Amino acid sequence: MDSRDSPDGLEAHESDAPQFGIYIHWPFCLSKCPYCDFNSHVRRAAIDEDRFVRAFAAEIATTAARAPDRTVSTIFFGGGTPSLMQPATVGGILDAVARHWRVAPEVEITLEANPTSVEASRFRGYRAAGVNRVSLGVQALDDRVLKELGRQHTAQEAIEAVCVARSAFERYSFDLIYARPQQTPAEWADELKAALREAGEHLSLYQLTIEPETPFAALHAAGKLGVPDDDTARALYDTTQEICAAHGLPAYEISNHAQPGAECRHNLVYWRMHEYAGIGPGAHGRLDIDGDRHATATEKRPESWLTRVELKGHGLITDEVLTREETADEFLLMGLRLAEGIDPERYAALAGRPLDPARVAALRENGLVETTPAGRLRVSLPGFPVLDAVVADLAA
Ligand SMILES: C[S@@+](CC[C@H](N)C(=O)[O-])C[C@H]1O[C@@H](n2cnc3c(N)ncnc32)[C@H](O)[C@@H]1O
Ligand code: SF4
C-alpha cells in the first residue's frame with residue numbers, strides 16, 4: 001500500500017460506462033505569463049463574444065453530426081482565460097451543446113478562472129449559466145513570486161477569489177506551480193500547508209516546466225533563471241506527496257490530488273482514454289467513429305479559426321485516424337499517469353499484443369512499476385518522477 005491507496009484498501013477502478021467529454025477552448029488572456037505556452041492570445045480591441053458564440057455553436061453542430069447519439073458526461077472550459085468570458089457567452093455555448101447532444105443529469109461543467117477580483121465577480125453568473133465546478137489558477141501564495149510569474153493578481157486577491165468560488169460552486173479546485181527558481185522544500189512545505197487551509201476537495205500541483213520559446217526559456221538559456229536540480233526537484237515532489245496525503249488529498253494523477261470520489265471527471269476522460277470533442281481555436285479531440293479513433297485538432301489562431309468556422313462550419317486542420325500502435329501508446333501515456341494504473345488486458349486488446357513481460361519484470365525489479373491486487377499495472381511513487389522513461393520503455 002502507498003499513500004495513494006484508499007485507507008479501506010478498496011481500489012479505484014475504471015468506470016465501464018463510456019464517457020463523453022467536451023473541451024471548449026477560450027483563447028484570450030489579459031497578458032501572457034512568461035512561462036506559458038498554451039494557445040493564448042492578448043488582444044487590445046474588445047472581443048466580439050456574440051460572433052464567437054455563433055462560431056462555437058456552428059462547430060458544436062458539425063461535430064455532433066459526425067459523432068451523434070452521445071450523452072455528455074463532462075464539459076470543460078479551458079484556456080487561455082475562460083473567466084474573461086461574459087456569463088451569457090458561457091450560457092450560449094452550453095445551450096448549443098444541449099441542442100445537439102443529450103446531457104447527463106449529473107454532468108460536470110468546469111470553468112478555468114484566473115483569481116482576480118473582476119473575474120470572481122462573474123462567478124455567480126457562471127453558476128447561473130450552468131457551471132458547477134471552477135478551477136482557479138492561484139499559482140503561488142507569495143506576491144514576489146506572483147510578480148515574477150507575470151500574474152495579474154496578489155496572493156490575497158487569489159485567496160478571496162477562492163472564498164467566492166467556495167460560496168458560488170458545489171466544487172472547486174486550484175492550481176499551484178512549484179519547483180520554481182530558488183524554491184526550497186521547506187519553503188514549499190509552508191506554502192503548500194497554507195494552500196491546503198484554503199483547499200476543498202481537489203488541488204492541481206504542477207512542477208514548473210521551462211517550455212521552449214517562452215520568455216522563461218530565454219532567461220533559462222541565458223543562465224538568469226535557475227531551476228531546482230534533480231535532487232531538489234525530487235525532494236519537492238516527495239514533500240508534495242507526503243503533505244497532501246496526510247491532508248486527505250492523495251495524488252490520483254501525477255499532478256492532481258483529490259479526496260477519493262472528487263477527482264476531475266473531465267480529466268479522467270482523457271486519462272482513461274474515453275471520447276472527447278475539442279471545440280474552439282487550438283482544441284484537440286478524440287472521436288471514435290465507425291470503429292476508428294480519430295485525433296482532431298483545430299486552427300489555433302482565433303481570428304483564422306473564426307473565418308474557417310464561418311466558411312465551413314468547423315475549424316479542423318487535423319483529422320487523423322490513429323493506428324492500433326498509436327492508440328495503444330496513447331493508452332499507456334495517459335493511463336500510467338493515474339494512481340489506478342492501467343488494465344493490461346485493455347492494452348493487449350488495443351495493441352493486438354500484450355505488454356512485454358520481460359520489460360515489465362525489469363521495471364518491477366527496479367521498483368518503478370507495481371501490480372495492484374486487482375491485477376492493474378501502475379507506476380510506483382518512486383517511478384513517477386521518471387514516468388516518461390517508464391512509458392517509453394513499455395511502449396518500445
Ligand atoms: C493553461 S493554464 C489556464 C488557467 C488560467 N489561464 C490561469 O493561468 O490561471 C492551466 C494551468 O497550467 C499550469 N501551467 C501553465 N504553464 C505551466 C508551466 N510552464 N509549468 C507548469 N505549469 C504550468 C498553471 O498552473 C495553470 O493554472
Ligand atoms: S498561464 Fe493562464 S493567464 Fe497566463 S498566459 Fe497562460 S493561459 Fe493565460
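Tutor: Begin with a cut-off for burial: a residue counts as buried if its relative accessible area is under 20%, as exposed if it is over 50%, and as partly exposed in between. Keep in mind that this is a predicted model.

Student: Is Glu201 buried or exposed by that cut-off?

Tutor: The relative accessible area of Glu201 is 17%, so this residue is buried. Glu201 sits in the loop between helix 7 (185-198) and strand 6.

Student: Which side chain makes a polar contact with the side chain of Glu201?

Tutor: That of Arg171, at 2.8 Å.

Student: Let us follow Gln259. Where does Gln259 lie?

Tutor: Gln259 is in the loop between strand 8 (256-258) and helix 10 (265-271). With a relative accessible area of 36%, Gln259 is partly exposed. Its contacts, leaving aside neighbours within four places in sequence, are Gly200, Glu201, Gly248 and Leu249. From C-alpha to C-alpha, Gln259 and His247 are 9.3 Å apart in space, and 12 residues separate them in sequence.

Student: How is a pair of aromatic rings described?

Tutor: By two values, the distance of the centres and the angle of the planes. There are 14 aromatic pairs in this structure. In the pair of Phe20 and Trp101, the ring centres are 5.3 Å apart and the planes are at 65°, so the pair is edge-to-face. Planes over 60 degrees apart count as edge-to-face.

Student: Which parts of the chain does the pair of Phe20 and Trp101 tie together?

Tutor: Phe20 belongs to strand 1 (residues 20-26), and Trp101 to the loop between helix 2 (87-100) and strand 3 (102-113), so the pair ties together parts that are 81 residues apart in sequence. Phe20 counts as buried at 2% relative accessibility, and Trp101 is buried as well, with a relative accessible area of 4%.

Student: Which residues form an aromatic cluster?

Tutor: Trp26, Phe28, Phe52, Phe56 and Trp305 form one such cluster.

Student: Now the ligands. Which residues come nearest to ligand 1?

Tutor: Gly80, Asn114, Gln139, Arg151 and Asp175 come nearest, out of 17 residues around ligand 1. The shell divides into five nonpolar, eight polar and four charged residues.

Student: What surrounds ligand 2?

Tutor: Its surroundings include Cys29, Cys33, Cys36, Lys32 and Tyr35, and also Gly80, Asn114 and Arg151. By class, the shell around ligand 2 has four nonpolar, five polar and two charged residues.

Student: What should I look for in the backbone?

Tutor: Most residues other than glycine have a negative phi, and most peptide bonds are trans. Here a cis peptide bond joins Gly79 and Gly80, with omega at about 20°. Gly80 lies in the loop between strand 2 (71-79) and helix 2.

Student: Which residues other than glycine have a positive phi?

Tutor: Ala179 is one of them, with phi near 60°. Ala179 lies in the loop between strand 5 and helix 7 and counts as buried at 4% relative accessibility. Asp290 has a positive phi too, about 50°. Asp290 is in the loop between strand 10 (284-289) and strand 11 (292-298), and it is exposed, with a relative accessible area of 77%.

Student: Which residue caps the N-terminal end of helix 13?

Tutor: Asp343 does: a side-chain oxygen lies 2.9 Å from the backbone nitrogen of Glu345, and the helix covers residues 344-351. After helix 13 comes Gly352, with a positive phi near 80°.

Terms used. Residues numbered from 1 in each chain as written. Chains lettered and ligands numbered in written order. Predicted model: local features only at pLDDT ≥ 70, side-chain atom pairs only at ≥ 80, totals over all residues. Heavy atoms only, no water. Phe/Tyr/Trp six-rings, centres within 6.5 Å; stacked < 30°, edge-to-face > 60°. Helix = DSSP H or I, 4+ residues; strand = E, 2+ residues; numbered from the N terminus. Buried < 20%, exposed > 50% of the residue type's maximum accessible area, 1.4 Å probe, protein only. Near = heavy atom within 4 Å. Nonpolar A, V, L, I, M, F, W, Y, C, P; charged D, E, K, R; others polar. Polar contact = N/O pair within 3.5 Å; in protein donor to acceptor, adjacent residues only side chain to side chain. Contact = heavy atoms within 4.5 Å.
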